[in-house]
Amino acid sequence: MPLTSRRLRAALLATASVTLVAATLPAPEPLGIGDRLFPHLGNPGYDVLAYDVSLTYKGSNSKPLDAVTTIEARSTAPLERINLDFARGTVRSVEVDGLEAEFASAGEDLVVDTPARLPAGAPVRITVRHTSDPSGDEANGGWVRTSDGLAMANQADAAHRVFPGNDHPADKAYFTFRVTAPKDLTVVAGGLLAGKRDAGGATTWTYRTHHPMATELAQVSIGRSAVLRRTGPGRLPVRDVVPAADRAKLEPWLRKTPGQLAWMEEQVGPYPFETYGLLVADTETGFELETQTLSLFERSLFTGTGHPEWYVDSVMVHELAHQWFGNSVSPMSWSDLWLNEGHATWYEALYAEQHARKPMERRMREAYARSDAWRAAGGPPARPQVPSPDHKISLFRPVVYDGSALVLYALRQEIGAAAFDRLERTWVRAYRDTSATTREFTTLASGIAGRDLSAFFDGWLYGTKTPPMPGHPDWRSGTPRAATAPQSPARAPKPE
């Protein structure tokens, strides 16, 4: 080979390697990590350490955004091909460690041939230049169009409709968001503001998370927004993002957050992230969402009529509780969802009991009356039925809300209030910033209780019928009382 520049030599080697790989590798196919509910979600062979997601928004929430997603990862097995989850957008180019790589689509995967075989334990940087398209079916998640811009709703399997990545909560990573938008718009994202730069008629905003985050919890808001700031417990920065025209109307609700934060800290310990606040969006999603450090709420929840104050408070506390349960401690698999929603519903109900005289025992008795029906319709709490392929959000059934809070109520009855309180605090402290399993929770509970709770949990988490309620032998499931049982406000129809 004649003497060449280092860059040209690297390019020639990369071309030769890609040709060899293309000749020997089988056809691209979608992979997954084997999640029972989402078999093709996530990808084997690597662990993502950090995402850097750059987006350029040109003022229209129906046109694709130009985007560059850079992924810093480490291989966990030898790799000649890397699968990324990505389903809505055009891929223009892919580089692996700075070298151009061949790529193809397979199902909802972007399949990348590495220029050279990666050994296990190797650092790898993947750069994807692509578009991010908000014009698709919002019912399946991803970008949500608002009256003045965009927001994200990526739960459970929709982050890969916004950016490529390893879209499963078992693989949490740090995030940097760099969003360029017209100067008259405000951009806010998960984490804290790390920089703001004007150029021409646009502004580039940079946000970074200080803790790892699951892809489904990512949030970027673009719109004509006001950012309202206040201080929470321990001088925690609290920032709310609201339609600018509604700031005065929303203030009576927003000023409740510091007190709710203090209440949650009294229950389970220190808030686990660098900031918190509400993102109030002028859109209709049918739910509220616990995106990390910046929970998404529909404007109509606060500005509509007929919403009792206790109900709105309950929704706010539900999403706040998720910052501990689901965000800081994320589910290792989607079958562990009951740990997220059961706990958020538990603290939502406890707050309503303490602040609005809505008795927990009454709510749990009513939930018990419906529990067998919920299990028949959606599966037991820790083994939920597979969601409908054309409506993935159907995973969020009553059994994972009040049906799972009922499990926690039964556990408290079984082991006592003091042990239950110790369990909750220990759980969020021991598994902070990680993904954890149902088995880890039940093992911890047995350790704190000082006895084997396997039989208790087998019935309450996996049984097709609801076990007898400790301390309440008279409770029955399937009685007419069930007709009045509430569902958690987080995804329930709004009351009139």
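Q: Does D433 count as buried, partly exposed or exposed, and what is the reason?

A: Please keep in mind throughout that this is a predicted model. The general idea is a scale of relative accessible area: under 20% is buried, over 50% is exposed, and values in between are partly exposed. D433 has 25% relative accessibility and therefore counts as partly exposed. D433 is located in the loop between helix 9 and strand 21 (434-436). Its phi is near 65°, a positive value in a residue other than glycine.

Q: Where does R357 lie, and how is its accessibility to be read?

A: R357 belongs to the loop between helix 6 (337-356) and helix 7 (360-378). Its relative accessibility is 78%, so R357 counts as exposed. Phi of R357 is also positive, near 55°, and this residue is not a glycine.

Q: What does the span of helix 7 show?

A: A straight helix of 19 residues would span 27 Å, at 1.5 Å a residue, whereas helix 7 spans only 23 Å between its end C-alpha atoms. Helix 7 also bends by about 50° at R370. Just after helix 7 comes G379, with a positive phi of about 90°.

Q: Which elements do the buried residues of helix 7 pack against?

A: An α-helix has 3.6 residues a turn, so residues three or four places apart point the same way. The buried residues of helix 7 include M360, R363, M364, A367, S371, W374 and G378. Helix 6, helix 8 and helix 11 (454-462) are the elements against which the buried residues of helix 7 pack.

Q: How is the packing of helix 8 and helix 9 described?

A: One gives an angle and a distance between axes. Helix 8 (residues 402-415) and helix 9 (residues 417-430) pack at about 125°, and their axes are 6 Å apart. The two helices are therefore oblique to each other. L408, L411, R412 and I415 from helix 8 meet A417, A419, F420 and L423 from helix 9. By class, this contact has seven nonpolar residues, no polar residues and one charged residue.

Q: Which residues does a cis peptide bond join, and what is omega there?

A: The angle to read is omega. Q155 and A156 are joined by a cis peptide bond, with omega about 5°. A156 is found in the loop between strand 10 (149-153) and strand 11 (174-182).

Technical notes
Residues are numbered from 1 along each chain as its sequence is written. This is a predicted model: local features need pLDDT of at least 70, side-chain atom pairs count only at pLDDT 80 or more; totals for chains, interfaces and linings use all residues. Side-chain values use heavy atoms; hydrogens and water are left out. Axes are lines fitted to C-alpha atoms, for helices over the stretch in contact, and angles run from 0 to 180 degrees between N-to-C directions. Helices (H or I, at least four residues) and strands (E, at least two) are DSSP runs, numbered from the N terminus. Angles under 35 degrees count as roughly parallel, over 145 as roughly antiparallel, 65 to 115 as roughly perpendicular and the rest as oblique. Contact means heavy atoms within 4.5 Å. Ala, Val, Leu, Ile, Met, Phe, Trp, Tyr, Cys and Pro count as nonpolar, Asp, Glu, Lys and Arg as charged, and the others, Gly among them, as polar. Buried means under 20% relative accessible area, exposed over 50%, partly exposed in between (1.4 Å probe, protein chains only). The expected span of a helix is 1.5 Å times one less than its number of residues. The bend at a residue is the angle between axes fitted to the seven residues ending there and the seven starting there.
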